[in-house]
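My entries follow in the order in which I looked things up.

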Amino acid sequence: MQDAAVSLSVSTDRLDRLSQLARQFAEPAATVAHGGRVRTISAGYYTVSGLSRHVRLGDFVTHRSVSGEQLGEVVRVEPDLVYVCPIQPGEPIGIHDVVLRKGEFRLSPDESWCGRAINALGEPIDGGPPLTQGTDRRSIVATAPPSMTRRRVEQGFRTGVRAVDIFTPLCLGQRLGVFAGSGVGKSTTLSMLARADAFDRVVIALVGERGREVREFIEDTLGDNMAKSIAVVATSDESPMLRKMAPLVAMTIAEHFRDRGENVLFIADSVTRFAHAIREVAMAAGEPPIARGYPASVFTELPRLLERAGPGAEGAGTITAIISILVDGDNHNDPIADSTRGILDGHIVLDRALADEGRYPPVNPLSSISRLARKAWSPDQEKLVSRLKTLINRFEETRDLRLIGGYRPGADPDLDMAVKQVPVIYEILKQSPSDKPASDAYADLAGALRVAASAGQQGRPAQGGMR
């Protein structure tokens with residue numbers, strides 16, 4: 001019996017050892033056996049000979065130099081040369097330096113990452129301890145779930161932002177864009193939406209942001225919500241490769257929690273800077289521009305990223321994506337804005353004229369659309385919002401007429417109602433990040449209209465409004 005027990009123990013030890021070896025050799029990093037040497041060096045990339053047969057487009061390589069090992073991504077493959085964009089430009093690279101194949105860049109997200117700020121390489125930048133690696137190892141380049149296996153989007157939720165909850169209500173699993181020019185309030189609006197309490201996890205990608213704003217966003221905006229949030233940061237001074245990787249890393253983390261059955265909020269600020277990073281990398285690799293300076297790969301990568309958000313398969317959770325799009329010169333038809341608008345399930349337009357008037361968030365209710373609004377509205381709410389938009393449109397289109405004194409009360413009942421009610425609507429839509437999120441936007445609006453009616457607010461016709 002004792003010999004049998006010893007034999008069983010030895011067999012168990014051998015099985016454990018075999019399992020360890022199997023896991024080790026399953027890791028891409030353990031299979032690195034192919035190498036090459038640096039052939040030429042340029043400002044944005046370097047070339048490597050001897051690797052063409054062993055790498056694919058998008059693979060990562062490790063460059064060994066006097067300062068240590070540095071990562072790079074394969075951006076072009078030719079029969080005799082491989083073009084590599086370094087992750088960290090400025091690192092010393094010499095002719096004939098050794099470059100080894102690493103394979104796909106992978107992450108192992110874990111629940112303990114919540115409350116942390118990391119960079120695009122999955123390394124902590126908040127001064128905390130090293131990240132605990134989970135058991136779910138994922139490539140940052142993944143495909144969206146098959147369309148016919150995904151759950152339908154059905155359930156609405158409240159964001160606490162009255163302008164959004166009334167005119168562009170959202171559903172779990174929806175993808176929404178916030179479109180605005182620079183300095184209009186995209187980041188502020190995103191920070192208000194990030195406070196929604198309908199989510200189990202929040203994953204934020206700050207791409208190309210000012211370095212000084214990172215702590216403000218995490219500490220002031222998220223506040224207590226940071227306990228369930230993970231921030232992936234690539235500031236404007238970092239390399240285009242890191243700015244390109246940050247949204248991919250954030251989406252990979254969001255997919256990890258979604259596949260566990262959780263509802264995740266994914267915020268990206270901004271996708272335009274993600275597109276700019278792709279353009280820089282593609283131009284360095286020699287790809288020609290096709291649309292106002294943007295190469296074709298930009299319009300391939302955008303849907304690949306955004307389609308990964310949304311509802312998962314049956315039994316999985318959802319990823320609700322809210323992303324910002326910076327429109328060049330307030331032109332909402334520039335290539336990135338136009339392409340992104342066609343992928344998303346709705347868009348919020350922030351109007352510079354409203355911001356100039358001090359109306360924040362400067363959401364233009366007539367230009368903003370949620371394609372899934374009918375799943376969040378009740379029939380009565382849908383009728384109410386339709387009526388509100390009619391009044392706002394009537395109020396705005398007669399603005400010049402009212403300014404020159406051409407309006408006479410009693411001649412047009414709809415215009416009379418618009419003149420009385422639209423200024424009240426505009427006032428109730430005002431919110432600042434320091435305000436408490438609205439628990440019921442419709443009740444707040446109804447209360448304000450009742451107060452205005454009971455006070456007999458007639459006065460002269462309001463002259464302000466959207467431009």
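I took helices (H or I, at least four residues) and strands (E, at least two) as DSSP runs, numbered from the N terminus, and I counted two strands as paired if DSSP finds at least two bridges between them. This is a predicted model, in which local features need pLDDT of at least 70 and side-chain atom pairs count only at pLDDT 80 or more, while totals for chains, interfaces and linings use all residues. Residues are numbered from 1 along each chain as its sequence is written, and side-chain values use heavy atoms, with hydrogens and water left out.

Entry on E1. I found that E1 and E2 form a hairpin with four residues between them, and that four bridges join E1 to E2 (residues 46-49) in an antiparallel run. Strand E1 (residues 35-41) also pairs with strand E6 (residues 98-103), in the antiparallel sense and over three bridges. I noted that Arg37 stands opposite Ser49 in E2 and opposite Val98 in E6, while Gly36 stands opposite Val99 in E6.

Entry on the barrel. Six strands close into a barrel in the order E1-E2-E5-E4-E3-E6, with antiparallel pairing. The twist averages 45° from one strand to the next, where axes are lines fitted to C-alpha atoms and angles run from 0 to 180 degrees between N-to-C directions.
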